[in-house]
Amino acid sequence: MTFGHLALASIAHDTLFKKTSLLFLTLAALGPDLTDKPLCLLFGCNSRGFGHTLLFFLILLCIGMVLVRRGKLSRTLLMAGALLWLSHLAADFLTGTYLFWPLMGPFPQMPPLSFWDKVEQWAQFYQRWNWQSLQTFLEIGAILTALILRKRRKRHQMAHNTANCSQQSS
């Protein structure tokens, strides 16, 4: 689903939030996973946990609203972050167990593993990667590079057009 979350960040950047950093939008779109993956490695859960709940989203939203009130965060950034975080939850098609935790009961539990067992489990996962997995990550890099280059090209064209208009006016 990573491609879908990255695509949503890119679409948001190209449409609603043109002046917002693509890096910020990407981090917001991947936010639930960036929260849960390290927590699951440490505490043993499946790939979804607290970061995939509406409760966590509401806590972040409240913190964001306080920061907006204090002038530390723009409303545009708060809206962008909230929209992309929610889009991540929607795109993952979460069941009520995760989305409405703790109202719908506890998270599904994984068998208890020690920290080193978890590290070994992750290492085995990465050892199973094959060339196709590498190709996928190279494609992601190519897509992100293309997006960055397209943005720079647009800026350069706008600067060039502005300079041409100024020269023609004089």
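**Figure 1. Lining of the second largest pocket in the predicted model.** Three helices, α1 (2-14), α2 (22-29) and α8 (131-169), each supply at least two residues of the lining. Helix α8 gives the largest share, with nine residues. In total, 19 residues line the pocket, and the space in this second largest pocket comes to about 480 Å³. Nearest the pocket centre lie H13, L22, L147, K151 and R155. By class, the lining of the second largest pocket holds eight charged, six nonpolar and five polar residues.

Figure 2. T20 counts as buried because its relative accessibility is 7%, below the 20% cut-off. Leaving aside residues up to four places away in sequence, T20 touches H13, L25, T76 and L77. One of these contacts, H13, is also among the residues nearest the centre of the second largest pocket.

**Figure 3. The aromatic pair of F56 and W85.** A search of the whole structure finds one aromatic pair. F56 and W85 form this pair, with 5.9 Å from centre to centre and 45 degrees between the planes. F56 belongs to helix α4 (residues 54-69) and W85 to helix α5 (residues 75-91). The two residues are 29 apart, and the pair links distant parts of the chain. Both F56 and W85 are buried.

**Figure 4. Helix α3, residues 31-43.** Helix α3 has 13 residues and reaches 18 Å from its first C-alpha to its last. This span is close to the 18 Å expected at 1.5 Å a residue. Which residues in α3 are buried? They are G31, P32, D33, T35, D36 and C40. An α-helix has 3.6 residues a turn, so residues three or four places apart point the same way.

**Figure 5. The helices of the whole protein.** The protein has eight helices and zero strands. From the N terminus on, its elements run α-α-α-α-α-α-α-α. Of the 170 residues in the protein, 28% are buried. Among contacts with a separation of 6 or more, 64% are between residues 24 or more positions apart.

Note on methods. Residues are numbered from 1 along each chain as its sequence is written. This is a predicted model: local features need pLDDT of at least 70, side-chain atom pairs count only at pLDDT 80 or more; totals for chains, interfaces and linings use all residues. Side-chain values use heavy atoms; hydrogens and water are left out. Rings of Phe, Tyr and Trp (its six-membered ring) pair if their centres lie within 6.5 Å; planes under 30 degrees apart count as stacked, over 60 as edge-to-face and the rest as tilted. Helices (H or I, at least four residues) and strands (E, at least two) are DSSP runs, numbered from the N terminus. Buried means under 20% relative accessible area, exposed over 50%, partly exposed in between (1.4 Å probe, protein chains only). On a 1 Å grid over the protein atoms alone, a cavity is a set of points where a 1.4 Å probe fits but cannot get out, and a pocket is an open set with protein on both sides within 12 Å along at least five of seven lines; lining residues have an atom within 4 Å of a point. Grid points are joined across faces, edges and corners, and a volume is the space filled by probe spheres set on the points. Ala, Val, Leu, Ile, Met, Phe, Trp, Tyr, Cys and Pro count as nonpolar, Asp, Glu, Lys and Arg as charged, and the others, Gly among them, as polar. The expected span of a helix is 1.5 Å times one less than its number of residues. Contact means heavy atoms within 4.5 Å.
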